4 protein chains.
Amino acid sequence: MVPRYTRPEMAAIWSPEERYRIWFEIEALAAEAMAKFGTIPEEAAREIREKGTPRAASIDANAVEEIDAIERVTRHDVIAFLTWMGQGIGESARFMHQGMTSSDVLDTSLAVQMVRAADLLIADVDAVLAALKKRAFEFKFTPTIGRSHGIHAEPTTFGLKLAGHYAEFARNRARLVAARAEVATCAISGPVGTFASTDPRVEEYVAAKLGLTVEPVSTQVIPRDRHAAYFSALAVVASGVERLAVEVRHLQRSEVREAEEYFHAGQKGSSAMPHKRNPVLSENITGIARLVRGYAHPALENVALWHERDISHSSVERVIGPDATIGLDFALMRLAGMIDKLTVYPERMTENLESLGGVVHSQKVLLALTQAGLSREESYAAVQKAAMETWTKLGKGDAKKFRDNLLASPEVAARIDGATLDKVMDPNRDFVNVETIFSRVFG
Amino acid sequence: MVPRYTRPEMAAIWSPEERYRIWFEIEALAAEAMAKFGTIPEEAAREIREKGTPRAASIDANAVEEIDAIERVTRHDVIAFLTWMGQGIGESARFMHQGMTSSDVLDTSLAVQMVRAADLLIADVDAVLAALKKRAFEFKFTPTIGRSHGIHAEPTTFGLKLAGHYAEFARNRARLVAARAEVATCAISGPVGTFASTDPRVEEYVAAKLGLTVEPVSTQVIPRDRHAAYFSALAVVASGVERLAVEVRHLQRSEVREAEEYFHAGQKGSSAMPHKRNPVLSENITGIARLVRGYAHPALENVALWHERDISHSSVERVIGPDATIGLDFALMRLAGMIDKLTVYPERMTENLESLGGVVHSQKVLLALTQAGLSREESYAAVQKAAMETWTKLGKGDAKKFRDNLLASPEVAARIDGATLDKVMDPNRDFVNVETIFSRVFG
Amino acid sequence: MVPRYTRPEMAAIWSPEERYRIWFEIEALAAEAMAKFGTIPEEAAREIREKGTPRAASIDANAVEEIDAIERVTRHDVIAFLTWMGQGIGESARFMHQGMTSSDVLDTSLAVQMVRAADLLIADVDAVLAALKKRAFEFKFTPTIGRSHGIHAEPTTFGLKLAGHYAEFARNRARLVAARAEVATCAISGPVGTFASTDPRVEEYVAAKLGLTVEPVSTQVIPRDRHAAYFSALAVVASGVERLAVEVRHLQRSEVREAEEYFHAGQKGSSAMPHKRNPVLSENITGIARLVRGYAHPALENVALWHERDISHSSVERVIGPDATIGLDFALMRLAGMIDKLTVYPERMTENLESLGGVVHSQKVLLALTQAGLSREESYAAVQKAAMETWTKLGKGDAKKFRDNLLASPEVAARIDGATLDKVMDPNRDFVNVETIFSRVFG
Amino acid sequence: MVPRYTRPEMAAIWSPEERYRIWFEIEALAAEAMAKFGTIPEEAAREIREKGTPRAASIDANAVEEIDAIERVTRHDVIAFLTWMGQGIGESARFMHQGMTSSDVLDTSLAVQMVRAADLLIADVDAVLAALKKRAFEFKFTPTIGRSHGIHAEPTTFGLKLAGHYAEFARNRARLVAARAEVATCAISGPVGTFASTDPRVEEYVAAKLGLTVEPVSTQVIPRDRHAAYFSALAVVASGVERLAVEVRHLQRSEVREAEEYFHAGQKGSSAMPHKRNPVLSENITGIARLVRGYAHPALENVALWHERDISHSSVERVIGPDATIGLDFALMRLAGMIDKLTVYPERMTENLESLGGVVHSQKVLLALTQAGLSREESYAAVQKAAMETWTKLGKGDAKKFRDNLLASPEVAARIDGATLDKVMDPNRDFVNVETIFSRVFG
């Protein structure tokens with residue numbers, strides 16, 4: 001992922017240095033277990049841990065380059081790493097990796113990385129949830145127009161809008177927790193996963209120490225349906241990021257101006273047009289959502305590896321492992337900050353709400369007419385006619401025009417008088433269940 | 001979905017007739033609830049149920065055409081349906097759909113369909129699981145070569161291969177159960193979801209009757225992250241179907257011939273080449289897996305609807321709702337039958353296993369040498385050398401050539417004698433943990 | 001594809017009846033060529049043509065069912081078809097398909113279908129182009145605000161907007177023409193494509209008669225990179241459909257109301273809210289665009305068939321062949337009609353254009369200041385300050401507020417007077433190059 | 001893209017330093033044109049070029065950091081760059097970027113980068129083509145079995161296999177050339193693309209100097225259907241890379257062993273199993289193909305920008321611009337080297353070809369029987385019976401078993417004798433048209 005969209009916390013998980021440190025931890029734990037179950041000398045396991053720990057801790061860019069240099073000869077990354085570690089550990093090094101295969105290290109290491117990444121993403125979602133909750137309560141009863149098809153429909157509150165996104169992000173949190181569990185498994189099962197030369201108890205030991213479960217059947221690799229499910233979950237979360245970003249973009253449109261991304265002192269919206277204040281953060285994360293969605297497909301194609309494994313998944317994961325998690329991490333944190341600091345214009349919301357002459361109350365009039373005895377079809381026709389007349393000839397200051405047009409209709413006037421109509425069209429009627437919905441969402 | 005890949009059970013869920021019947025059930029339940037909570041007369045709800053039930057039951061192709069004809073005028077499907085139903089229900093019809101919006105019906109109906117589809121898919125996976133389990137136990141100790149990168153690696157058993165797929169399908173079952181729960185919600189919340197003209201208890205009543213939960217915040221629509229998660233789960237399952245199908249395709253290759261799809265009497269493999277017996281079923285479902293994967297992306301793009309809703313999701317769902325579930329249903333059932341009847345050739349497995357002169361035991365020799373005191377690097381070099389010599393000059397009947405080449409190596413011979421080597425290379429050693437793995441998978 | 005999104009012209013191309021008729025045409029042409037080059041008796045070719053033509057013409061739903069019944073035994077579609085045709089042709093039938101393989105028929109037939117589908121799609125695009133051109137000239141100089149990031153930027157004309165879409169659809173037309181050429185090839189090369197038992201001149205003959213070119217190397221199948229390119233082109237075109245649909249959806253938003261989809265007499269926008277007029281056509285095709293995009297990926301996965309061919313592509317193509325072309329055909333024709341009948345509100349455009357107090361002219365003021373000697377940075381700061389003051393305190397009737405604020409700024413007033421400012425901010429200055437752009441697009 | 005899959009030539013195109021240098025070139029050329037057409041002083045243009053050129057040339061990591069620091073205040077990348085350049089250019093700097101908008105620079109710069117990337121990719125494909133051609137002629141008449149469905153079908157030659165891939169890469173070359181043309185356009189049209197403050201001749205001048213065409217209608221941005229078409233073309237090419245990689249993976253399978261990736265001295269195939277020689281290069285690029293395919297979808301979603309533009313495409317392109325081109329460049333060059341050095345085993349090809357007892361000649365026998373007067377159905381049945389008997393009871397050394405079984409069949413023996421059968425089954429008959437196909441492909 002490009003630096004611009006990379007936060008250091010997430011990048012650290014995917015650095016080559018950290019990757020090697022995790023590899024060593026797996027090898028050292030495996031050695032401990034092997035010693036415990038009598039496969040290798042206790043002394044060797046102790047030396048691996050004692051000499052290996054400082055060496056692994058010391059891994060920096062230079063060390064990475066040294067390991068790379070070995071790999072250029074062996075053309076095998078794990079062997080290169082073991083060779084380099086062996087140079088610091090000495091004799092006992094030959095007891096490392098006994099009966100194991102590279103994938104035991106690589107796949108378990110990837111599991112550790114994906115689990116940590118999931119933990120960060122869950123924390124990010126918590127930040128989004130906190131921002132949404134704060135603002136939802138702030139605007140719990142702030143009237144705003146609800147829109148379907150981009151067309152004014154009926155009043156809602158700005159708090160309700162945010163509560164809906166909160167509910168979605170609560171689901172997204174649950175999906176990330178499930179995705180984390182999907183990949184939190186450990187494999188130390190040797191070539192083709194038969195445990196022919198390694199004891200299943202070694203796997204159990206390493207898994208427990210790393211906070212993972214054992215993979216029931218690892219055919220040399222941890223099966224890739226797990227990773228596919230993980231990246232698919234990220235794609236769903238990213239799509240939720242996009243939904244909220246698109247909402248902000250709509251609200252900031254010049255004709256709507258109900259909310260705006262915070263505009264910093266010194267910020268320039270456009271190189272050409274000094275008047276511009278653009279929703280660039282939400283547009284930015286809309287694009288990142290597309291990226292994260294795009295990473296799900298290669299992960300799905302990775303599932304059908306050949307026989308006990310092929311390595312075609314590896315190049316995919318070297319890229320999308322970091323890119324999908326870093327991209328989503330960035331988008332979530334940007335979103336959280338954006339919501340937290342969103343400039344909201346309640347008066348514009350009211351202005352827009354009233355701008356269509358009251359037609360947004362058409363359903364309630366329809367119901368009142370039906371209940372007053374007019375058939376549904378006739379009621380619909382009468383209300384539609386009054387609404388269309390209002391709509392098509394709308395001028396400034398016509399906030400009550402729909403009411404007037406309704407009363408001018410004989411079908412309506414015969415059944416409902418002005419006072420009743422005012423009661424029917426009272427916007428507060430729309431918010432009687434806001435409390436109920438909030439209690440569903442926030443408990 | 002084309003008829004060729006459509007099973008009637010799944011198609012029935014998505015027929016227009018069934019869809020309308022579900023719509024009626026929702027409207028009738030809502031009317032009952034409204035009567036219960038005093039919004040409409042009890043009499044009306046009773047009449048809607050009594051006159052509506054036979055009318056809904058009678059919906060056939062002709063009725064669908066009549067409803068379509070109304071829609072061509074109203075350009076609105078739910079209004080067309082209500083009008084048609086109203087013709088049979090009479091007066092009380094005007095109390096149907098009170099305070100509701102089309103999406104209340106459409107989205108809850110879609111939820112019912114997706115839940116039923118998930119139930120069928122779960123049953124399909126159960127059939128796959130049953131077939132895999134039966135065959136896994138049948139071949140629990142049938143030796144076969146494990147392959148990584150398509151290259152012979154170490155021995156495994158055919159039962160273990162199938163157990164690995166069983167474990168994956170057990171995960172897929174859990175994913176479908178989770179996906180079912182994702183979409184099993186009900187919305188009867190009116191325009192923009194505020195319950196302005198409908199009582200939340202109506203929603204609770206309908207949800208309970210339909211076996212659904214209430215949607216916490218439905219902004220006119222049930223939020224589409226649920227559907228995206230559902231179709232993503234289907235994509236993961238489809239990829240698991242593909243993995244098993246690809247395994248069969250590999251096993252049936254002419255050079256491998258370890259297993260074959262059942263070949264029917266009268267079947268012709270090729271119009272041109274009478275000798276052909278092709279793995280067409282597994283190729284067929286490989287393709288269907290691609291389709292089902294492809295349907296996930298539009299579902300993800302559906303999440304970011306505008307404001308309280310736009311209807312761009314609808315055309316997508318009218319197509320992928322049936323297509324993804326029908327396609328996956330077909331693929332799963334075809335897979336179950338294919339595994340159940342798969343012709344397996346254990347003697348070919350043995351033949352292939354032994355065809356590389358024993359080099360597939362190289363790791364065990366490497367470990368034995370290491371334990372006998374040779375460094376890992378020297379051991380690796382000696383074993384690789386013997387293996388390469390075996391490999392490159394392999395003739396028929398050279399099943400022991402690797403052993404001979406090893407004993408001809410001074411580094412090896414100095415540490416291990418022939419008898420030890422035979423013990424090291426005993427294939428039974430590879431299967432010592434088959435029981436453990438089976439108990440992990442099958443309990 | 002569901003009937004709702006299916007036009008009969010496109011559906012006809014993909015009907016089983018038509019498919020069989022194309023198969024016969026290929027077989028009959030191949031027989032003619034074989035007779036010509038001496039492989040089979042002239043008499044046989046003549047009889048195949050004479051007896052086969054009426055039989056093929058007679059293929060209806062019943063015949064399809066008969067062929068299907070044969071396929072249920074042979075499990076091979078081409079053999080089933082040949083058997084059924086043979087029943088009507090008699091003795092000479094055995095000379096059909098000599099030295100050919102099923103794929104020769106299937107792939108050449110698919111090529112014919114995809115070419116015809118491309119022709120229809122090209123005609124559809126022509127309809128879109130015609131509608132866009134007509135409306136572009138109609139509104140060539142109709143001022144409207146150009147928006148970047150959804151924020152008012154600078155004036156443009158509604159004709160220019162449409163001209164931009166015209167230019168894109170002109171590119172899309174070229175892409176479809178290229179896509180058509182990609183797939184317009186014929187293969188009659190026998191098993192694994194060696195022409196071992198068929199003369200390459202037969203292929204040349206059939207290709208020429210069908211308006212196709214010969215496939216240079218068909219390894220039993222026509223290589224699937226061609227189909228992948230074809231469906232990818234469809235995905236690009238669909239995305240262009242979406243761009244225009246999204247534009248209309250924005251223009252129809254309640255706060256913008258600059259254009260509206262034609263609203264039919266009798267149409268109902270919402271079952272609940274009689275006042276609604278929703279951009280449902282453009283939302284509908286936005287969804288269809290997602291579908292068509294989604295079909296490109298399975299086509300790309302089809303490329304890497306195994307060795308000389310496997311049949312995994314077939315199930316994919318049976319579905320996306322019709323679905324992608326039918327879906328796009330429907331979307332294009334719906335789009336053409338929608339543009340053709342779009343209700344446009346020039347007065348609303350002007351109203352919106354002036355609604356921000358003139359800040360949309362900020363760039364021109366910036367340039368004037370720079371040219372009057374102020375540094376770019378200072379100019380930017382002065383103009384931004386005046387614009388922000390205008391923007392944030394904007395009331396009704398403040399169409400000139402930006403001008404006033406500029407003149408109140410000492411940095412500006414020192415360099416530019418009111419008259420100059422009026423000249424600088426004259427909206428007509430924005431349209432001086434409309435003619436140039438139109439001549440680029442329309443020639 | 002991760003360094004592991006990055007070649008410096010392609011990376012250089014996408015470096016921030018190079019990006020800024022291209023920006024300067026565009027600004028300097030635009031200034032020249034503006035001077036030429038009288039918008040800015042000639043002197044200014046000269047100074048911009050003279051002082052700007054060395055400053056741009058000097059851009060290194062430090063300069064990038066300085067520009068980034070400015071951007072952290074302005075939150076606008078182009079303004080930050082202009083400010084930094086202005087510090088070196090002095091007074092005349094204020095004449096840079098006159099009447100232009102950021103996108104004029106950004107989009108034209110991206111066009112330059114994508115064109116250069118396309119040029120590299122085309123050169124890569126040329127390397128693949130050269131390797132394929134060399135090896136195709138080397139093995140022009142090397143017999144090998146053609147396989148459909150992974151099952152032995154009929155003989156072909158290894159040269160023909162490679163010729164087929166050559167033909168596909170020739171098409172891929174043409175697609176890249178077309179993709180290059182798609183994006184090779186220049187926009188200097190100012191805010192919302194009206195040329196309100198810039199002369200269209202400036203655009204023409206810059207375009208010509210940069211080897212680009214002018215964008216007919218750039219609504220502030222170059223329309224993204226161009227980029228979508230470009231990345232889609234890359235996806236098609238990547239899928240062709242995968243097809244060839246999958247072929248090599250199949251050929252290297254232990255049971256097939258007809259070809260092998262070059263195995264380097266010192267290389268280790270497996271950390272556990274010293275005998276392994278794995279097709280890791282082709283597996284690696286199989287994965288990269290999945291990545292490149294995955295990048296097409298976000299590019300397609302980028303097309304439907306809002307109104308005259310939004311910036312959601314930008315984050316997508318910052319990532320997939322480099323990632324897709326770098327990934328594909330790496331895969332192509334790896335593929336070229338792999339084919340060039342592929343170890344081929346003609347004797348194994350013969351061995352496999354003969355391994356099924358001759359049934360691979362079944363079609364030719366079928367034809368001979370048909371021509372000898374037996375009906376197609378009877379011929380098919382007789383040949384299928386003999387083939388199945390051969391197949392199911394196949395032992396070592398049964399290379400002629402099919403022939404024997406045929407002669408044992410009364411239906412066959414009545415019509416064809418052994419000598420005729422030998423002629424019919426002569427493998428050389430399969431290659432009579434190899435020359436024709438080669439001349440189609442290589443001219």
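Which residue of chain B comes closest to the rotation axis that relates chain B to chain D? In this predicted model, a rotation of 180° with 0.0 Å of shift along its axis brings chain B onto chain D with an RMSD of 0.1 Å, and the two copies are thus related as by a two-fold rotation axis. The residue of chain B that comes closest to this axis is Glu255(B), whose C-alpha lies at 2.8 Å. The same surface serves both copies, since 100% of the contact residues of chain B recur in chain D.

The contact between these two chains takes in 36 residues of chain B and 36 residues of chain D. On the side of chain B, two or more residues are given by each of strand S2 (151-157), helix H9 (225-252), helix H10 (280-301), helix H13 (362-371) and helix H14 (376-392). H14(B) gives the most to this side, with 5 residues. By class, the side of chain B that touches chain D is made up of 15 nonpolar, 12 polar and 9 charged residues.

Chain B also touches chain A, and here the contact takes 68 residues from chain B and 68 residues from chain A. At least two residues of the side of chain B that touches chain A are supplied by each of strand S1 (143-148), S2, helix H7 (158-183), H9, H10, H13 and helix H18 (434-442) of chain B. H9(B) gives the most to that side, with 13 residues. The residues of chain B that face chain A divide into 26 nonpolar, 23 polar and 19 charged. Chain B is superposed on chain A by a rotation of 180° with 0.0 Å of shift along its axis, at an RMSD of 0.0 Å. Of the residues of chain B, Ser232(B) comes closest to this rotation axis, at 3.1 Å for its C-alpha. Again the same surface serves both copies, in that 100% of the contact residues of chain B recur in chain A.

Taken along the principal axes, the C-alpha atoms of chain A fill a box of roughly 100 × 50 × 35 Å. Of the 443 residues of chain A, 65% count as buried. Among the contacts in chain A with a separation of 6 or more, 76% are accounted for by residues 24 or more positions apart.

The domain assignment divides chain A into domain 1 (1-98), domain 2 (99-350) and domain 3 (356-431). The centres of domain 1 and domain 2 of chain A, taken over C-alpha atoms, are separated by 30 Å. The contact between them takes 24 residues from domain 1 and 29 residues from domain 2. On the side of domain 1 that touches domain 2, helix H1 (8-14) and helix H2 (16-36) of chain A are the elements that give two or more residues. The largest share of this side, 10 residues, comes from H2(A). By class, this side of domain 1 has 15 nonpolar, 4 polar and 5 charged residues.

Glu351(A) is found in helix H12 (residues 346-354) of chain A. With 16 C-beta neighbours inside 10 Å, Glu351(A) counts as partly exposed. Glu351(A) and Ala399(A) are 48 residues apart in sequence, while their C-alpha atoms are 9.5 Å apart in space.

In chain D, strand S1 (residues 143-148) and S2(D) pair in the antiparallel sense over 5 bridges. Within this pairing, His152(D) in S2(D) is the bridge partner of Arg147(D). S1(D) and S2(D) form a hairpin with 2 residues between them, and His149(D) in the turn has a positive phi of about 60°. Of the residues of strand S2 (residues 151-157) of chain D, 7 of the 7 are buried, so this strand is largely enclosed by the rest of the structure.

Technical notes:
Residues numbered from 1 in each chain as written. Chains lettered and ligands numbered in written order. Predicted model: local features only at pLDDT ≥ 70, side-chain atom pairs only at ≥ 80, totals over all residues. Contact = placed C-beta atoms within 7 Å. Helix = DSSP H or I, 4+ residues; strand = E, 2+ residues; numbered from the N terminus. Nonpolar A, V, L, I, M, F, W, Y, C, P; charged D, E, K, R; others polar. Least-squares fit on C-alpha atoms with pLDDT ≥ 70 in both. Buried ≥ 20, exposed ≤ 12 C-beta atoms within 10 Å, placed from the backbone. Pairing = 2+ DSSP bridges. Domains from an automatic or database assignment.
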